[in-house]
Each structure stands twice: as structure tokens, then as C-alpha cells.
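Subject: Structure handover

Dear colleague,

Please find below the structure I wish to hand over, followed by an account of what was found in it. I would be grateful if you could read the two together.

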Amino acid sequence: MKDHESFPLIPIKKGQGIWLEDFDGNRYLDAISSWWVNLFGHANPIINEALKDQLDNLEHVIFAGFTHESGIKLAEKLVEITPPGLSRCFYADNGSSAVEVALKMSFHYWRNQGQVQKTRFITLENSYHGETLGALAVGNVPLYKETYAPLLMDVITVPGPDCYYREAGESWADYSIRRFALMERTLQNQCHTVSAVIIEPLVQCAGNMRMYDPVYLKLLREACDKYNVHLIADEIAVGFGRTGTLFACEQATISPDFMCLSKGLTGGYLPLSAVLTTTQVYQAFYDDYQNMTAFLHSHSYTGNALACRAALATIDIFQQQNIIQKNKRLASVMTEMAKRFNEHLHVSEVRQTGMILAIEMVKDKNTREPYLWQERRGLKVYQYALSKGVLLRPLGNVIYFMPPYIVTEDELMLIAEIAWQGIEHAVRD
Ligand SMILES: *Cc1c(COP(=O)(O)O)cnc(C)c1O
């Protein structure tokens, strides 16, 4: 709040497509999709239309003992479009809650099977899964976690496949395979007490947009099967086309035991999340009431009708407008326009997975020595870009582009140009 005495919050009056407009008539290009949620622009006519219709019929109803058309249709749709084997859908109302659901359901599954010793979770270094206590515990970004450490359950943290640290000349795949050995060893030693491995497929977004090869997911799926441990894929950020496929797991042709979805699920309109799981998991809870095996977890706004309808409209757009195919072209334009950053004296790496492109700003290109966090160079990029009408919001010293899929080539060029100028501004002493 003290920062905001010099940089006041910007009240937004209107959103239209990729643009936000404030009360003074300034416009901002939303280059980070309003924190990775917006896929098809603000005030999208198709989603607006669907919501208006939903609003005139049903805004919300208790989702226990009752259901509704949009909730049913969406569950069926999610089962249809997610990887094979995911046949059941459980709703919650934000990403962190979806992670809580997956953790609880995995643990409870083993308990219902009589495997009461399987109580622990394996997570990757530099991972992020949300900010409620359970989700925070399985995350690993110190900035969010450290303060609350005394409140959090103990987890097993394994060094990750983050390819920023690969050797010169080593491929992403080779490095990811090499790093998997650490996961394999941990699973081998501790699987008897482990309920699930939770992972962000392909991109650790909040962990500074660090990336790795799909082969890691393939190996992890095999190992989880071998060691009888669940695999939870947190696709909250990477789902819905971000990595170039509708879901990131597709690139490894794997199906997780649980898949968490939120963020882009409603096209950036309303809070909603879903946890997809298998018939096998479902069956473990299916019993007479007296046996007390049921999964008791609810939120007041679970399965909100408006949110479900927004999600249905969002998925319709994907299917009717061939978005995944169109994004391939956009992603290659992003690659093109970011090439110049490779030559920048204060950029150690430009990396990309589909519709996510990240630029790592460092003090020294050769040694990769980072800037001191206290210098807040990323914040300088943010403030500069805003003054030029582009909303970039770096993670530390990592500037990234994560635009809505309606972005044009001209707009991508504008984002890149302003980012370049922003970096020039931020590295000046
Ligand atoms: C944003 C995010 C979450 C948390 O979602 P919220 O809706 O913010 O609670 C969890 N996991 C990942 C990978 C995320 O990016």
C-alpha cells in the first residue's frame, strides 16, 4: 500500500477486446490476460450473450441435491475434451480450492482403500499451486510460502526439471530426463507413504515462467503407475491452449489421475474451477452412507450457473473457431518478434512454450548473475510499460507475454517494442 502512495491503483472503467480503459481515457493493452485468465478479450460478444441468457434463467442454485443445465453440460464437455480416462468432474470456485480438492480426494482415496499410511505429497522445487494453506504447502516459491511455513503441512520437495539450469548445449529433453532421476529415486524410496505427486505441466508459471520438456511428464506418469502414487496435473494456468495444445498433458500423451482447471476455464469472466478424475477414484467413494466413505467438500458457490455458462461459451469458441490451430501462427509471430531480445546485454534467456514467452533479465549476461531483488527492476519495466499503454507485469526480473488469443500481429509488435524499451529503461543505473 505504501508503493501505491506514489503509484496509485488504476481504476478501470471499461474493457473491450484486448484493451482496458481508465477514467481519464488512457488505454492499456492487456498483454498478460489479466493474470492469465482472459482468453478471448474483455466484453467478448459471444460470452456476453451466453451470460445474459443464463442470467435471465438462473443465476445460481444450491449445488447439493440440485443441479442445473449449464453445470451438467459443462461437466460432460470437460470429460469430452480432457485427456482420456478423466470421466468425472468435481466443481469448486477458484484454483486454490481445486488444488485442495485434488489433495484431499487423493489422500481420501487411499484411506478408503485401507492404505492409511499414504498421507504425503511430492512437489517440485519452484512450483506454485495457490495460496490457501494446503495449496501453499505443496507450492515452493519462498516469496509466498516462507512467512507461513509454521502453518503448513510437511511435503517432500524434489529438485525440478527447470531447463534454465541445463548445461550449455544440453537439450531441454536431455536435461528433463537427467533431472527425472531425482524424482524416480524419491518415489522409489518413499512411495509407501506418498499419496500423490502434484505438478504444473510444462511451465512453472508463478515460478518465473520456467519451462521443461514433455518427456518429464511421460516419465512421471510411468513412475507414478509403477510406484502406485497418484499424479495430480495442475493445469490451472497452462490449460485451455496456453502451451499450444488444449491441455499441456496432451504433449506427453498422458492422462493424470486428477486434473485441476480454473483461470481460462471461464474465459476470464467468473471464478470457477473443476477437478477432473477417473472412474476408479470415483468408485472408491461410492458406497452406502453408513460406511462413511463419501467425499465431503463444498463451497457455497460450487458450480455457479453463470460461471458454468461462461465456461461453456469459452469452450464453444475454441471448438467453433479452431483456436488451437490459429494460435500456432500467433505463437510463431511471438517467437519472431522476441528474437531481438536474445542479443540484449541484460537478457540471459528468451524461452517459449506455445502462447507463453518469457524474457529473463539479468545483471550479467555471461555469468547470469541476477539483479538484486531489492532493486525491483521488473517493477521499473511494469511502470514504464504502463506509461506507454501496455500492461506487462513481470515476475521478479522475468518479463513475459501471455496475451489473450485475440491479439493481433500489430499488437504483438507493440508489446515487444514497449517491453524492449522497458528493459532499456530498467537496466539503466
Ligand atoms: C493461479 C494458480 C493457482 C491458484 O488459482 P487461484 O484461482 O488464484 O486460487 C494454482 N495453480 C496454478 C498453477 C496457478 O497458476
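Predicted model: local features only at pLDDT ≥ 70, side-chain atom pairs only at ≥ 80, totals over all residues.

The loop between β14 (356-361) and α13 (377-387) contains Arg368. Although Arg368 is not a glycine, its phi is positive, at about 65°. Arg368 has a relative accessible area of 30% and is therefore partly exposed, since that class lies between the buried limit of under 20% and the exposed limit of over 50%.

Arg376 also lies in the loop between β14 and α13. Arg376 is likewise not a glycine, yet it has a positive phi of about 50°. Its relative accessibility is 40%, so Arg376 counts as partly exposed.

The second topic is a pair of helices. The axes of α12 (residues 323-338) and α14 (residues 409-427) come within 10 Å and cross at roughly 30°. The two helices are therefore roughly parallel, because angles under 35 degrees fall in that class. The crossing of α12 and α14 is right-handed.

On the α12 side, the contact is made by Arg329, Leu330, Val333, Met334 and Met337. The residues contributed by α14 are Glu409, Leu412, Met413 and Ala416. By class, the residues of this contact comprise seven nonpolar and two charged, with no polar residue.

Yours sincerely

Definitions and conventions
Residues numbered from 1 in each chain as written. Heavy atoms only, no water. Helix = DSSP H or I, 4+ residues; strand = E, 2+ residues; numbered from the N terminus. Buried < 20%, exposed > 50% of the residue type's maximum accessible area, 1.4 Å probe, protein only. Axes fitted to C-alpha atoms, helices over the stretch in contact; angles between N-to-C directions. Parallel < 35°, antiparallel > 145°, perpendicular 65-115°, else oblique. Left-handed = near helix turned anticlockwise from the far one by under 90°. Contact = heavy atoms within 4.5 Å. Nonpolar A, V, L, I, M, F, W, Y, C, P; charged D, E, K, R; others polar.
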